Amino acid sequence: MPSTIELIATILFVLAIIHTFSVPVFAKLAHKPGPHAGIWHLMSEVEAVFGVWAAVLIVFMAASTGVGSAVEYMDTRNFTEPLFVFTIMVVAASRPILEMVNGIVRYLARVVPIQTEVATFFITLSLVPLAGSFITEPAAMTLAALMLREAFFSRSGNVRFKYLTIGVLFVNISIGGVLTSYAAPPVLMVAQTFGWDTSFMATHFGWRAAIAVIINALAVTLICRKDIIARSVGTGRGINERRDGDGANKRESVPLIFMAIHTLFLVCVVVFAHHPAIFIGLLMLFIGFCGAYSRHQNPLMIKEGLMVGFFLAGLIILGGLQKWWLQDVLAGMSPMALFWGSTVLTAVTDNAALTYLGSLVEGTNELWRYMLVAGAVTGGGLTVIANAPNPAGFSILRGCFPDGAISPKNLILAALVPTLVAAVMFLLPV
């Protein structure tokens with residue numbers, strides 16, 4: 001039987017999920033004048049949802065079992081992932097990194113024998129998510145979301161286009177990181193326990209994911225091709241490119257040496273992703289370096305990164321007490337039921353937490369393990385809480401949507417077909 005604390009944690013977890021789906025309602029209330037507009041605005045911040053409800057849990061725990069018990073519980077949580085996502089967001093969103101990636105994308109777009117704007121859109125939704133297997137999924141999400149915002153979302157009022165795009169982006173990021181054993185959070189949580197290395201991931205998951213990513217990106221590109229060519233959904237241009245003849249206001253390009261230094265910081269953060277004392281130290285050095293050469297920088301995404309980290313930390317605090325029901329549910333499933341079950345459960349739990357709990361189930365075979373992880377990454381684009389990088393993309397892109405809010409219902413609908421494409425690929429026989 002679950003303890004009182006576990007029951008309360010599950011109730012608060014459910015309330016947090018309901019709150020997440022209610023964000024558009026609070027966003028509309030926040031835009032109405034009144035004495036409570038500020039609190040409605042706070043309630044509409046999806047990045048704050050799980051952190052707020054986690055705080056309620058800790059207060060209840062302290063009141064019912066003592067402050068020491070609450071502190072002890074917090075001390076047993078592993079907050080490396082929120083800290084890492086915060087750090088990688090700040091570094092990956094820096095101007096030299098963005099300008100370098102945009103330059104690579106623009107070069108590839110010119111080489112591809114189709115219109116540059118269309119090629120840019122396709123590459124942003126395909127190659128950038130696949131690059132997440134090497135630079136980590138949070139970094140790929142940050143780069144892709146910023147590129148989409150600058151090139152296509154900022155100047156477009158086409159909401160249908162934006163939801164189609166973000167649905168594919170979230171799914172492709174979730175499955176695009178499985179070519180290696182260290183870049184996707186749900187894989188990272190089980191790779192050592194299951195004995196999966198990068199070679200195993202590439203041969204069992206990677207090629208399937210790559211094909212699904214290409215199919216999803218190609219499909220949405222073809223659907224939106226006419227609008228992209230007509231530039232009714234943006235210019236297709238990237239950071240610091242000339243817009244509507246405003247060349248006089250165009251900033252100078254970032255020198256190559258600064259791109260190289262920022263890339264070195266990014267690589268070091270990725271290499272030491274499991275050592276917060278090191279990558280936080282690197283972040284402090286990075287912030288100092290950016291301050292010394294501010295003329296080559298945009299404002300760092302400190303606030304956005306902190307909010308995303310707060311979201312993930314709240315998810316860890318609340319999710320840490322869901323083992324009493326979730327592990328039993330997973331253990332009782334056949335491999336095929338497990339695949340679809342983990343795909344659905346991921347949407348309301350977080351795929352890394354799901355695979356971690358699955359790794360604790362004893363007596364499982366290789367097929368069961370494959371289905372667990374495949375389902376978890378397949379469903380990682382359905383909601384903002386399904387995959388750790390999703391809050392980063394949400395934070396960057398939500399300002400481009402009506403009332404500054406992304407509808408959870410519309411996100412699920414937009415991600416449904418790309419999710420089914422991924423499911424078909426992962427269920428193909430070896």
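## Helix packing, cores and loops in a predicted model

H204 is a residue of helix α13, and the structure in which it sits is a predicted model. With a relative accessibility of 31%, H204 counts as partly exposed. Along the chain H204 and L179 are 25 residues apart, and their C-alpha atoms are separated by 8.9 Å.

### Pairs of helices

Helix α13, which covers residues 198-229, meets helix α20, residues 366-378, with axes that come within 12 Å and cross at roughly 45°. That angle makes α13 oblique to α20, and the crossing in which α13 passes α20 is right-handed. H204 takes part in this contact, together with F200, F205 and R208 of α13, while α20 contributes E366, Y370, V373 and A374. Sorted by class, the residues of the contact of α13 with α20 are five nonpolar, one polar and two charged.

Another pair is formed by helix α17 (residues 323-331) and helix α18 (residues 335-349), whose axes come within 10 Å and cross at roughly 160°. Angles over 145 degrees count as roughly antiparallel, and α17 and α18 are therefore roughly antiparallel to each other. Here α17 passes α18 in a left-handed crossing. On the side of α17 the contact is made by W325, L326, V329 and L330, and on the side of α18 by L338, L345 and T349. The contact of α17 with α18 holds six nonpolar residues, one polar residue and no charged ones.

In a further pair, the axes of α4 and helix α5 (residues 67-76) come within 6 Å and cross at roughly 140°, and the two helices α4 and α5 are therefore oblique to each other. From α4, the residues I58, M61, A62 and T65 meet V67, S69, A70, Y73 and M74 of α5. In the contact of α4 with α5 there are seven nonpolar and two polar residues, and no charged residue.

### The nonpolar cores

Which residues have the most contacts inside the largest nonpolar core? They are F50 and L169, in a core that has 92 residues. Helix α9, residues 137-153, supplies the largest share of this core, namely 12 residues. Leaving aside neighbours within four places in sequence, L169 is in contact with L125, M141, A144, A145, L148 and L397. Another core, of 39 residues, lies apart from the largest one, and Y370, V377, A422 and A423 are among its members. Y370 was already named above as one of the α20 residues in the contact with α13.

### Residues in the loops

| Residue | Relative accessible area | Class |
|---|---|---|
| S44 | 7% | buried |
| T136 | 2% | buried |
| L300 | 22% | partly exposed |
| D350 | 5% | buried |

S44 lies in the loop between α3 (37-43) and α4 (46-65). Not counting residues up to four places away in sequence, S44 touches V23, F26, A27 and R398.

L300 belongs to the loop that runs between α15 (276-292) and α16 (302-319). Is L300 buried or partly exposed? Buried means under 20% relative accessible area, and L300, at 22%, is partly exposed. Apart from its neighbours within four places in sequence, L300 is in contact with V90, S94, F286, I287 and C290. The C-alpha atoms of L300 and R95 are separated by 8.6 Å, although these residues are 205 residues apart along the chain.

Most residues other than glycine have a negative phi. T136, although it is not a glycine, has a positive phi of about 85°, and its place is in the loop between α8 (116-135) and α9. D350 is likewise not a glycine and has a positive phi of about 110°; the loop that holds D350 lies between α18 and α19 (351-359).

Definitions and conventions: Residues numbered from 1 in each chain as written. Predicted model: local features only at pLDDT ≥ 70, side-chain atom pairs only at ≥ 80, totals over all residues. Heavy atoms only, no water. Axes fitted to C-alpha atoms, helices over the stretch in contact; angles between N-to-C directions. Helix = DSSP H or I, 4+ residues; strand = E, 2+ residues; numbered from the N terminus. Parallel < 35°, antiparallel > 145°, perpendicular 65-115°, else oblique. Left-handed = near helix turned anticlockwise from the far one by under 90°. Contact = heavy atoms within 4.5 Å. Nonpolar A, V, L, I, M, F, W, Y, C, P; charged D, E, K, R; others polar. Core = buried A, V, L, I, M, F, W, Y, C linked by side-chain atoms within 4.5 Å. Buried < 20%, exposed > 50% of the residue type's maximum accessible area, 1.4 Å probe, protein only.
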